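Student: I have a new structure open. Can we read through its features together?

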Amino acid sequence: MKSIKKLVFGAVSMVLAATSVSGIAVAGGHGWEPTKPIDFIIMAGKGGGADKMARLMQAIVEKENLSNRPLVPTNKSGGSGAEALIAASKASDPDHTIMVTLNSFYTTPLRQPGLKIDSLSFAPVARMAEDTFLLWVHKDSGLKTFAEFLAKAKADGNKWVMGGTGKNSEDNIITDFLNENYGLSMKYIPYKGGGAVAKQVAGKQLNSSVNNPSEALGFYESGDMVPLVAFTKSRLPMFPNVPTLSEVFAGGKQISWSYFMQRSVVGAPGMSEKAQAYYTDLFAKVYASKDWQTYKSKKSLMGDLMSGDELKAYWADQIANHTKILKASGAIK
Amino acid sequence: MRRAEIITAFILGILSIYLMWKSGEAPDWNPDVARFDNIGLIDGEGPGSGFWPFWLSAIMLICSIWIGVNWYRRASPPSQSEEEFLDGYGRRMLFVVGGGLFGFLILIEVVGFYVAILAFMIYYVRFLGRHSWWATLSISIGLVVASFFFFDIAMRIVLPKGLSEPLFIPLYDIFL
Amino acid sequence: MDILASLFNGILVALEPINLGLAIVGVIVGLFVGAMPGLGSVNGVAILLPFTFVIQGFTGGATSPMIFLAAIYYGAMYGGAISSITLGIPGASTAVATTFDGRPLALAGKAHLALVAAALASFAGGTVSNVMFTAFAPLLATVALSFGDPEVFALMLLAFATFVGLGGDDIPKTIFSICIGLVLATVGFDVVSGEPRLIFFDITGFSHGIRFLVLAIGVYGIGEMLWTINTSRYGSSMSNVDVSARAIIDAIKDFRHAWRGTVIGSLLGFFVGILPAAGATPGSLMAYGVAKLTSRNPGEYGKGSIDGVAAPEAANNSASTGAMLPMMTLGIPGSPTTAVLLAGMVIWGLQPGPLLFTNQPDFVWPLIGSFYISNVIAVLINLAFIPVFLWMLRMPFTILAPLIFVLSLVGTFAAYQDMFDVWLMVIVGIAAFFLRLLDYPVAPAVLAIVLGPIAEPKLRQSLLFSDGDFMIFLNRPIAGPITVIALILIFLPLIKLIRDKMRQSA
């Protein structure tokens, strides 16, 4: 057994010898630097949008030698992010614990008050991007515009099936919004991941979805899935012919509304100011890297870098907004 | 063995009832939903969130009763057996090895994985296995060193260190 | 011929020194990571993902990094059988079925037969699925697309049906074991209602559910070890194994007796593998079940049948290659490992989807070529290392036992980085020890916890779709026949068993 471990170590260390050239490269300038591997919690399961981004950030940090200690990603997706929030707020060493968050960062503490988590107690590090949502249908549905979609979905009543990731999640919020404001009664079926939802639309098991571009891109390129409307403030550079919801007049009204998924890195509650400054600087460098910028434009992500008090104010605003939305849909009291 | 069989069936029956009761739990944020509202087929939606665990637990309960009936009729091998469930050796083994495992777990929480592995290996190999000190120490220390390089350094899986953490900071300086 | 030409060019690229080197290193890393209980292909792939950027920086293109990760994946699928056979702990859910017969063979001093059979069956499974992958990839992608929720649920029913026969002779104890596995599978977060459920005593650790590995390592690593120590009374229960080269060669010759299991496993594994959401675990279970059902002497299964090792091993390798298909052509990962591979592809700038084969032939064909190469490398390296693994079994039991305990605890932690899981694993293990003494079969519970989390949401999503009408499982063209076959298979042995029992007691 011992010799096996040695062999394993031999093989792996050979591989890693190349990676660990990093040695004692320094981020410099700050008083504080991590002294041990950094716990990098991902608030979602493997393979999802958040996970892909987190692993890209980790890879950029390693590739460009931005940190003298590695980021060690751990997926904690349990309880719609509850597990991650609790793990981060109970971290024994908040200076070495950071977390990648999405909108469940606000909605989970609202939906599960028993957790006693205050989203604002986390240290703001950096908002890396905002993911966007579009309304997708299968090309064989023949629908070309949002107005046609409304007419068809209205006629089908609850036979029109919308799929999304999770109950009371971002996708569900958008579906509820459409149902409520355009007099629809679409049925919503929750799935575990966005990729599975897109596949169900492409396989014509579902009628429509509100996938992020990164989830539906493969089927968009093959022509199977067609975007009808974007829930953004301005048109996405990648889909110049897809109008935003705010600019279309359909169903007898024009509603100005947009919805985003934040992709932020936060520090564990109780993180020291020096550590927070270190991570803010680290992720500013990641944000500025070529790889991150390419990824952002390729996957049609929006949102500029945001950090410090500005980020905290953004969160406070989002929490107020989500409280209103969830109360209206009856998901919280 | 015969007595253990019925006691176990009884405990498993209680466990099934607990699981049934727990499956019917309503969400804590919504006082309007009553317990066991979620275990049936909701009209137009299919099974509620408690349907699957509740009815399967009910089957578990039936099975526990069935096991009890078999015990009464002496139909299953353990219910016929007059052997002791755990003899003296078995009880001692469970105490020494099972207890050792819990000691190992508590040590991990206090002083972290690596020190705990060292202590557990010495305990088992030297005091239970009665191997020589030379063999004991070379295996134990070898395992700790190999684990550190395999997990913490090569695989980047950082095992908890507890109180022994300061000992590892210099190692990170050298190897990471 | 077009395909053959592309494949040939692909293999040439895969044979370039850098790619060949990466494949060899990847296979070795995968083999050892897979052989560690607790760690599987997913850990190997996830941990080395950042390293692939270095490779990418060096070679440009996404081909070499992907060849490296795919080689790790391959190696780990071979490696999983090693801990199942030698230690009796399935290293990953895909290797559970391998313990059923691999462990009895090892205990009877025939570990070399089991290890060789596992390696060769894996090779056969990998080869069969490579050929099918090459020939029919785009066609199979359409098949996968036509599988909606009711179809996947029907398939899960079929998987249950094939392992109903796995339990012991005691009917209520077997049913109890299946049910408790299915109930524990619902612990955690309910996707469909969006609410946490069965969070025992409000302990946060339960919010991620009870993980398969916690149950598997607890049952096999702790429970089974305690049971062995108790029954063997300090003496070693393992017979000495023959580690000579001669024995290995004889074992290779012996493999011809396992052709039936290998064929069943290779074909079944591939078709289950390509269906999104199913993955290699149900594939290997179904292969074992079908091999047993169709066997001329099913009584041999579970007591050390070579076919019983070959079928699940052929299937899990075949299914892993198959699972690459929905990942590449539909962008849907069928397993955590393919999820990480998918993340990798996206990060390297590729877009998985139906157009991947047309848009990125320079990526796809060398990768497929590398599947063939890695498969050959993996079987050779695996066979070469068998004596090392066998040597492990000759260790005194009082050294092997604590090593297995340490590996179980460290492995459980390494899998999810959560101490709660480690505590739960030990408690489960001790409970499993008591149940084992009283003849409760525990394998059905371990399998149920793998299938439950797939089956339950699919059942409910289907019924949401049909407004609660159960006919959805019968009146769809694909789901219908599968459901009917599954129901027949579930109730047939049950009725037979009950009838036999009644005759016996009468």
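Student: At what angle do helix α3 (residues 41–59) of chain C and helix α4 (residues 63–86) of chain C pack, and how far apart are their axes?

Tutor: First, the ground rules. This is a predicted model: local features need pLDDT of at least 70, side-chain atom pairs count only at pLDDT 80 or more, and totals for chains, interfaces and linings use all residues. Residues are numbered from 1 along each chain as its sequence is written, while chains are lettered from A and ligands numbered from 1 in the order in which they are written.

Tutor: Now the general idea. Two packed helices are described by the angle between their axes and the distance between the axes. Here, α3(C) and α4(C) pack at about 155 degrees, with axes 8 Å apart. Axes are lines fitted to C-alpha atoms, for helices over the stretch in contact, and angles run from 0 to 180 degrees between N-to-C directions. Helices (H or I, at least four residues) and strands (E, at least two) are DSSP runs, numbered from the N terminus.

Student: Are α3(C) and α4(C) roughly parallel or roughly antiparallel to each other?

Tutor: They are therefore roughly antiparallel. The scale is this: under 35 degrees is roughly parallel, over 145 roughly antiparallel, 65 to 115 roughly perpendicular, and the rest oblique. The crossing of α3(C) past α4(C) is right-handed. A crossing is left-handed if the near helix is turned anticlockwise from the far one by less than a right angle, and right-handed if clockwise.

Student: Which residues of α3(C) and α4(C) meet?

Tutor: From α3(C), they include Val45(C), Leu48(C) and Ile55(C). From α4(C), Phe68(C), Leu69(C) and Ile72(C) are among them. Two residues are in contact if their C-beta atoms, placed from the backbone, lie within 7 Å. By class, the contact of α3(C) with α4(C) has 10 nonpolar, six polar and no charged residues. Ala, Val, Leu, Ile, Met, Phe, Trp, Tyr, Cys and Pro count as nonpolar, Asp, Glu, Lys and Arg as charged, and the others, Gly among them, as polar.

Student: At what angle do α4(C) and helix α5 (residues 96–107) of chain C pack?

Tutor: The angle is about 50 degrees, and the axes are 7 Å apart. The two helices are therefore oblique to each other. α4(C) passes α5(C) in a right-handed crossing.

Student: On to sheets. In what order do the strands of the open sheet with β2 and β4 of chain A lie?

Tutor: Strands of a sheet pair through backbone hydrogen bonds, either parallel or antiparallel. The order here is β2-β1-β3-β10-β4 (chain A), five strands with mixed pairing. Two strands pair if DSSP finds at least two bridges between them. β2 (71–75) and β4 (123–131) of chain A each have a single partner strand, so one side of each is left without a neighbour in the sheet. Inside the sheet, β1 (residues 38–42) and β3 (residues 97–101) of chain A pair in the parallel sense over four bridges. Ile41(A) has Met99(A) as its bridge partner in β3(A).

Student: What is the strand order of the open sheet with β7 and β9 of chain A?

Tutor: That order is β7-β6-β8-β5-β9 (chain A), again with mixed pairing. The edge strands are β7 (187–191) and β9 (225–230) of chain A. Five bridges join β5 (residues 134–138) of chain A to β9(A), and the two run antiparallel. Trp136(A) has Pro227(A) as its bridge partner in β9(A).

Student: How many residues of chain B are in contact with chain C?

Tutor: 59 residues of chain B contact 49 residues of chain C. α4(B) gives the most to that side of chain B, with 16 residues. By class, this side has 38 nonpolar, 14 polar and seven charged residues.

Student: And which element of chain A gives the most to the side that touches chain C?

Tutor: α1(A) does, with 10 residues. In total, 51 residues of chain A are in contact with 51 residues of chain C. The chain A side divides into 20 nonpolar, 18 polar and 13 charged.
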